[in-house]
Amino acid sequence: DCGRPGARRGSCRCTRHTSTATSVAAGVSRGSGGSLPLVTGCRALMQRRCLASRTTGPVRMSSARRRARSAHPMATVGCGSVSDSVRGYPLRAFVICLIAYTTAQMDLALFGYAVPAIRAEFGLTLSEVMAIVSTAFLLGGALLVLLGWLADRVGRLPLFQFSLLGSSFLVALISIAPGVATLTALRGASIAVGGLSYPITGAIITEEMPARQRGLFMGLLQIGYPLGWALASLWSMWLLTEYGWRQLFWVGLVSLPMVWVVRRYLREPPRSVAARSTEAPPRFSDLFASGIRERAITLFVAQFLFVWAYAASIFLFPSFLREVRSLDAFNFSLLIGAGNAIGVLGYVLAAWIGERVWTRRNTVVLWTLLGAMLFQVLVWVPTTFGQILFVYALMSMFFYGSAAVKFAYLAEVFPTRIRALAMACCGSLAVTMGSAAGPYTVSLAIESWGWHLGYATLVGVPLALAGLLYLTLDSLPSGLEVEDIANRIGKEAQPNHG
C-alpha cells in the first residue's frame, strides 16, 4: 500500500516508465481540468516512484548500500524523496538557506537601528516614523502574497534568487532616499522582496529534510532572525555612529554573492517539481477549501497578533532605551545585538523540545506565554545596562524563540502544492500586516499613556492571545512525513477549478 505508515522512509522502489505513457497520462491529467492527488497520480501515471513514507514496500539492500544511499539523496523527478540522513545535500541546503535567510533578516533589520536617526533628520514624531514603518509593511505585504503564489507556480529557486538580488539593491537604495515618500516606497519594496526568503527557505527545508529531523532544522533556520539583528547591530555600532544612517544601508550589498551560491548549489525540491507536474496550479481560493480554511484563518490571526507584538517590541525598543533608559546609539546597538545573540539558545531549545520532547503546538504555547510575562518584566523592572541585557536576552529566548516552532508547524500543515502560497499568506502576509499595525498603534498608546503602560499593555496582551490561539489547533506528533501529516489531519478537499 503506497500510503501505509509502516513503509520505510528513504527506501523506495523506482519504476521505469516510457515517455509515451508519461505524455499520455500527463495529457489526461491536464485535460481533466482537475488536480490529481500526489500518491494516486504517481500510481496512475506510472512515474518513477520515490516518495518518502509512501512506497510499495521496503527494498532489501545491504547495510553498505543503505549507508551510501542515505548519504547521497536521490534527485528524483517523480514523487520526490529525501534521505534518512541529513548528511550530504539536505545539510548543504540547510546551511545555504540559513546564511541567505540571515543576510535577508540583517538587511531588513538595519531600518530598526536607523529609526532614531531618521526621526532626527526628517523631524518626525514617534508615531509619524511608525506610520512610515506601517505603510511600508502594507505595501510589502500586498506584493509578498503575489510573490509567494509565484513561488508555487514557477518554482522555489527562481524566486529565491530574485529575492536575494532585488532585496540587496532595494536596501542599498534607501541610502539615497531624498524624502519620506521615497523612503517609504523603497522600504515597502525591500520588505516584499526580502521577506520572500521566509516562505521559500521554509518550503525548501520542509521538502528536503528527513521527517525525524525536519522540525529541528526548521527551528534552527529561524535563528536567522536573531543572527540577522545581531549582525545588523555590529554594522550599526560602526557605521551609524561614525558615518550616519544613510551609509548604514550600503550593507545591503553584502548579501549579493548569495545569489550565485543559491543558483550553483541548490536544486528545485523534487516534491515541488512533482506537485507542479501532477496537480492543478495553486489558486488563492485553495486556502479556503474545506479542511484548510479553518486552519489557515487561525494561523493567520495567531501570526498577526504575534508579529504585532514582535514588531512593536523590536522597532520601538531602540527608542525606549534612548528615551527612557538614556542609552546612546552605540550602547543600545550593543545591548540589542548581544541580547539577540544570546537569545539564539531559546530558538535551539524550542526546536529540540518541539521535535524530541513535546509537540510543536504545545511548545509554541509555553514559549509564547513565558515570553509575554518576561516582556512585562523588561519594561517595568531593570534600569542598568547589565540588568536590561539579562532580562532582554532571557525574554528573547522565549518571546522571539517561539518563532522556531511556529515556523515548522506552519510549513508542514499545508499540502506541498500550496505550501509557499500558504506560508506567504498565513505567515508573511500576517507578518507584514502585524508589523504595519503593531508599531504604529503602540506608538500612539505610548504618546497617550506613557512608555511603560502603553508599551507593556499593547505588546503583552496580543502576545498572550497569540499563544492561546494555538490551543485550538491540532497537536500533531513530531517526525511525520508531510504526506502523513496531510492524511492525519484529513483528506484535503480538492478545489473545483472547472
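**View 1. Contacts and surface of the protein chain.** Of the contacts (heavy atoms within 4.5 Å) in the protein chain with a separation of 6 or more, 85% join residues 24 or more positions apart. The model is predicted: local features need pLDDT of at least 70, side-chain atom pairs count only at pLDDT 80 or more, and totals for chains, interfaces and linings use all residues. Residues are numbered from 1 along each chain as its sequence is written, and side-chain values use heavy atoms, without hydrogens and water. The chain has 21 helices and zero strands (DSSP runs: H or I, at least four residues, for helices; E, at least two, for strands; numbered from the N terminus). Buried residues (under 20% relative accessible area, 1.4 Å probe, protein chains only) make up 62% of the 498 residues.

**View 2. The second largest pocket.** This pocket (an open set of points on a 1 Å grid over the protein atoms alone, with protein on both sides within 12 Å along at least five of seven lines; lining residues have an atom within 4 Å of a point) is lined by residues including F284, R293, F300 and C425. Its volume is about 190 Å³, the space filled by probe spheres set on the points, joined across faces, edges and corners. Helices α14 (293-323) and α19 (419-449) each supply at least two lining residues. The largest share, four residues, comes from α14.

**View 3. A341 in helix α15.** A341 sits in α15, residues 329-357. Its relative accessibility is 39%, so A341 counts as partly exposed (between 20% and 50%). I223 is 118 residues away in sequence, yet its C-alpha lies 9.0 Å from that of A341.

Key: On a 1 Å grid over the protein atoms alone, a cavity is a set of points where a 1.4 Å probe fits but cannot get out, and a pocket is an open set with protein on both sides within 12 Å along at least five of seven lines; lining residues have an atom within 4 Å of a point.
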